[in-house]
Amino acid sequence: MATTLETAKAAIERIVLDPSYHDLLAVVKGARNGAVYGAKVRFPHALVMVILFRPGTLRQKLSLVLRATRTHARNLARFAFIYKLTCYLLKHYGATPGKEGRYDTFLAGLLGGYVVFGGRSKKSGKISSVNQQIVIYVFARVVLALARLAVKPEGGTGLPLVSRENVSGAISYYAWPVFAATSWAAVMHLFRYHPDDLQPSLRSSMTYIYQQSDHWDSLRNFIWHNK
């Protein structure tokens, strides 16, 4: 029995290490890594947020944690699989077989983003809150990256006016304080007058910090407990 298992393991390892299968196996490992990373990131976050801030029994809370973790892990795995498989197909069966096209990654990301993160729940017809958080996270970092590219010195990827050396340096120095201040000004204004339009987890956090801090009726729920 042990010999059979060792033989099977050796055969599988030969396949895994065979360069001719590398690109296809990278699709599988991409899905694996997406699932693992999604679970590692979502589980502790969901555990803390749900246990501390969501009402319900312990069983209900644990169910929410596991559901959010499963959704995050599954969707990152699905996206990685679709993205890497699409890149593989475009590289090997595209306009120039064997060579990666300049826009292959963009097209693969477009397809994966639409299929995995662009849909609505079949039951509720709503966009998953987990998907919203992932997409907003990605979008924020895309905007920051594009802003950096826009002010890169002339000769690079910068825009004509703002990439001049003296202008680029000034923008890079002052942009973050302005961005931070206007972001917080906007979110506080929205929370005050349009709270229902904010993302639910953000609204929940802000309600705890800024609204529930207005109410107490004893020393106990002034310092030790919120309510």
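**View 1. Phe 179 and its partner Trp 176 in this predicted model.** Let's start with Phe 179, which has a relative accessible area of 40%. That value lies between the 20% and 50% cut-offs, so Phe 179 counts as partly exposed. What about Trp 176, buried or exposed? Trp 176 comes out at 52%, so this residue is exposed, given that exposed means over 50%. Both residues belong to helix H6, which covers residues 165-193. They're three residues apart there, about one turn of the helix.

View 2. By the ring-centre rule, the count comes to six aromatic pairs. Take Tyr 173 and Tyr 174: their ring centres are 4.9 Å apart, and their planes meet at 85 degrees. Anything over 60 degrees counts as edge-to-face, so that's the label for this pair. Tyr 173 and Tyr 174 are both exposed, too. Now back to Trp 176 and Phe 179, with 5.3 Å from centre to centre and 50 degrees between the planes, which makes a tilted pair.

**View 3. A cluster of rings around Phe 79, Tyr 83 and Phe 117.** Here, ring pairs join up these three residues into a cluster.

**View 4. Arginines over tyrosine rings.** Which residue has its charged end over the ring of Tyr 137? That's Arg 141, sitting 3.7 Å from the ring centre. Then have a look at Arg 192, which lies over the face of Tyr 193. In this case the distance to the ring centre is 5.0 Å.

Methods. Residues are numbered from 1 along each chain as its sequence is written. This is a predicted model: local features need pLDDT of at least 70, side-chain atom pairs count only at pLDDT 80 or more; totals for chains, interfaces and linings use all residues. Side-chain values use heavy atoms; hydrogens and water are left out. Rings of Phe, Tyr and Trp (its six-membered ring) pair if their centres lie within 6.5 Å; planes under 30 degrees apart count as stacked, over 60 as edge-to-face and the rest as tilted. Buried means under 20% relative accessible area, exposed over 50%, partly exposed in between (1.4 Å probe, protein chains only). Helices (H or I, at least four residues) and strands (E, at least two) are DSSP runs, numbered from the N terminus. A charge sits over a ring if NZ of Lys or CZ of Arg is within 6 Å of the ring centre and within 35 degrees of the ring normal.
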